[in-house]
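Please look at the sequence and the model before reading on.

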Amino acid sequence: MGKYQIEYICGHTVTKELFGKIKDREHYIQWASTQECPECKQAKYNKKCQEMAEENNLPSLSGSDKQVVWAVAIRQTFLTNLQSLIDERMKKVNDNNRERSMATLQIIYQIRDAIITNETSAKWWIDKRYYLPQDIIEDYREIISRNNK
């Protein structure tokens with residue numbers, strides 16, 4: 001165990017406590033020096049998420065500046081993971097289940113759009129950050145069903 005100064009490619013230096021064999025620590029330091037620091041990586045990711053939100057005309061979120069930046073990234077992760085889930089399920093569609101699958105897909109997209117339109121509080125997205133996309137969709141479907149009764 002030891003503390004090491006790691007200078008990242010972006011020019012930032014971070015003190016990091018490393019464990020393990022000296023050879024493994026040295027290998028990590030060498031690798032890390034070719035990477036951006038965690039702060040720069042996060043800032044780049046946050047910027048990309050904000051740009052994607054603007055490109056897709058997603059509604060602005062409300063909250064403190066810090067909450068909004070975080071929530072925009074969470075929302076983008078939700079959308080990306082949901083689309084991946086849909087793509088995986090679409091690979092399993094065949095002639096026997098095509099009609100049902102397409103109906104389900106339409107409902108999922110409607111719920112997704114309702115979430116994006118209605119949930120503009122950064123707090124809501126932050127509170128849901130550990131939820132799986134399918135769980136958010138199901139929870140929201142239940143809320144919509146209760147409100148329509």
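Is Lys-44 buried or exposed? With a relative accessible area of 52%, Lys-44 is exposed; the term exposed stands for over 50% relative accessible area, buried for under 20%, and partly exposed for what lies in between (1.4 Å probe, protein chains only).

The model is predicted: local features need pLDDT of at least 70 and side-chain atom pairs count only at pLDDT 80 or more, while totals for chains, interfaces and linings use all residues. Residues are numbered from 1 along each chain as its sequence is written, and side-chain values use heavy atoms, without hydrogens and water.

**Salt bridges**

A salt bridge is a side-chain nitrogen of Lys or Arg within 4 Å of a carboxyl oxygen of Asp or Glu. The whole structure holds 5 salt bridges, including those tabulated here.

| Pair | N to O distance |
|---|---|
| Glu-36 and Lys-44 | 3.1 Å |
| Lys-123 and Asp-127 | 2.6 Å |
| Glu-138 and Arg-141 | 2.4 Å |

Glu-36, the partner of Lys-44, is partly exposed at 25%. Lys-123 and Asp-127 lie 4 residues apart in helix H5, about one turn. Glu-138 and Arg-141 lie 3 residues apart in helix H6. An α-helix has 3.6 residues a turn, so residues three or four places apart point the same way.

Helices are DSSP runs (H or I, at least four residues), numbered from the N terminus.

Terms used:
Helix = DSSP H or I, 4+ residues; strand = E, 2+ residues; numbered from the N terminus.
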